[in-house]
Amino acid sequence: MAEIHHLTDHKKLMFHESDGTAGTIIAVHGLTGNHKTFLHYEQGLEESYRFISYDLRGRGDSSPAENQTSIFEHTKDLLLFIKQKGIENPILMGYSMGAYICALAASEIQTAGLILLDGAGITEEKQRDLIVPSLSRLQKKYASKNDYVTQTKTIYEGLHVEWDAIVEEITNYEVHQTANGWQHKSDALVMEKDFNSFYAFKPKEVFLKINCPILLVIALGPLGQKPPLFTKETYDQSIEYAKDIQSIEVPANHYTLMFEKQPYIESKILELLNRVEKVTQ
């Protein structure tokens with residue numbers, strides 16, 4: 001069951017937590033996602049690990065984002081959440097924008113491991129061309145929740161995402177009813193501000209300060225008729241300056257990476273977790 005954590009009197013995070021004992025994994029979703037984005041991965045880990053996922057501010061049922069929102073502001077939220085929850089040596093798992101946030105957090109505190117799912121590299125204009133136009137869907141009004149879900153399903157099918165109960169659950173959670181109809185819970189202008197902050201991420205500065213083992217997953221599958229969101233070259237600096245990193249390339253695209261079961265990726269995550277567990281015993 002999801003719960004509310006109050007960072008301050010005016011800032012709250014909606015989060016979900018399982019009660020495994022092997023260690024704590026904190027999962028941070030992407031630009032327009034929510035805590036349910038990790039459902040496929042959580043299912044394979046929650047029996048053993050304390051798995052925490054939450055809605056970034058400006059998404060889901062968390063508080064609105066700052067006016068000057070950025071990956072750096074979200075990192076402050078994550079660090080404060082970790083401190084207030086008394087979590088020591090967390091394993092951070094970030095997807096897309098969440099990978100940037102987790103890498104920044106791992107450069108500031110002691111972490112047991114870092115899992116980066118297609119994120120935390122150099123951002124170029126080609127990513128802007130793919131992402132920013134798609135944000136217009138967040139501004140649309142829909143006649144009903146079912147209308148939103150139906151149109152979103154069509155979009156995902158164009159991205160080769162196999163629609164199932166988990167994708168439908170994620171989609172149902174991200175929309176709410178307003179005075180003028182149903183709408184995505186996130187604001188397009190806020191999302192664009194967060195995306196623009198990707199350009200201020202400096203891989204060399206960040207990865208030189210990370211001391212834990214890292215798994216980097218690079219999704220090379222095309223986005224329908226469009227190229228992959230990130231390329232191998234996106235991550236050249238991240239790989240060069242990381243002290244302890246394994247990078248793997250997978251045929252999944254940026255969305256099927258999360259919205260479909262990924263047994264190979266899960267096996268590599270378990271390898272990292274087993275390694276971390278041996279070190280901490």
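Glu271 lies in helix 11, residues 263-280. Helices here are DSSP runs of H or I with at least four residues, strands are runs of E with at least two, and both are numbered from the N terminus. At 43% relative accessibility, Glu271 counts as partly exposed. Glu271 and Leu215 are 56 residues apart in sequence, yet their C-alpha atoms are 9.6 Å apart in space.

A word on what you are looking at. This is a predicted model, where local features need pLDDT of at least 70 and side-chain atom pairs count only at pLDDT 80 or more, while totals for chains, interfaces and linings use all residues. Residues are numbered from 1 along each chain as its sequence is written, and side-chain values use heavy atoms, with hydrogens and water left out.

Now the core. Which residues touch the most other members of the largest nonpolar core? They are Met93, Leu114, Leu117, Phe207 and Leu257, out of 89 residues. A nonpolar core means a set of buried Ala, Val, Leu, Ile, Met, Phe, Trp, Tyr and Cys residues, joined through side-chain atoms within 4.5 Å. Helix 3 gives the most to this core, with nine residues.

Take Phe207 from that list. Contact means heavy atoms within 4.5 Å. Setting aside neighbours within four places in sequence, Phe207 is in contact with Ala103, Leu116, Ala120, Phe201 and Ile214, and also with Ser238, Tyr241, Ala242 and Lys243.

Next, helix pairs. Two packed helices are described by the angle between their axes and the distance between the axes. Axes are lines fitted to C-alpha atoms, for helices over the stretch in contact, and angles run from 0 to 180 degrees between N-to-C directions.

Start with helix 2 and helix 3. Their axes come within 9 Å and cross at roughly 60°. Helix 2 and helix 3 are therefore oblique to each other. On angle classes: under 35 degrees is roughly parallel, over 145 roughly antiparallel, 65 to 115 roughly perpendicular, and the rest oblique. Helix 2 passes helix 3 in a right-handed crossing. Right-handed means the near helix is turned clockwise from the far one by less than a right angle, and left-handed means anticlockwise.

Who makes that contact? From helix 2 come Ile71, Phe72, His74, Thr75, Leu78 and Leu79, and from helix 3 come Met97, Tyr100, Ile101, Leu104 and Ala105. By class, the contact of helix 2 with helix 3 has nine nonpolar, two polar and no charged residues. For those classes, Ala, Val, Leu, Ile, Met, Phe, Trp, Tyr, Cys and Pro are nonpolar, Asp, Glu, Lys and Arg are charged, and the others, Gly among them, are polar.

Lys145, Tyr148, Val149, Thr152 and Tyr156 of helix 5 meet Val167, Glu168, Thr171 and Asn172 of helix 6. The class count for helix 5 with helix 6 is four nonpolar, three polar and two charged residues.

On to the loops. Asn89 sits in the loop between helix 2 (71-84) and strand 5 (91-95). It is partly exposed, with a relative accessible area of 34%. Ser96 has a positive phi too, about 55°, and is not a glycine. Its place is the loop between strand 5 and helix 3 (97-106). Buried or partly exposed? Ser96 counts as buried, at 7% relative accessibility.

Ser134 is in the loop between helix 4 (125-131) and helix 5. Ser134 is partly exposed, at 34%. Ser134 and Ala188 are 54 residues apart in sequence and 9.3 Å apart in space, C-alpha to C-alpha.

Last, two helix residues. Thr256 is in helix 10, residues 256-259, and counts as buried at 6% relative accessibility. Not counting residues up to four places away in sequence, Thr256 touches Leu159, His160, Val161 and Gln262. Ile239 is in helix 9, residues 236-241. Ile239 is partly exposed, at 31%. Ile239 and Asp147 are 92 residues apart along the chain, and their C-alpha atoms are separated by 43 Å.

Key:
Buried means under 20% relative accessible area, exposed over 50%, partly exposed in between (1.4 Å probe, protein chains only).
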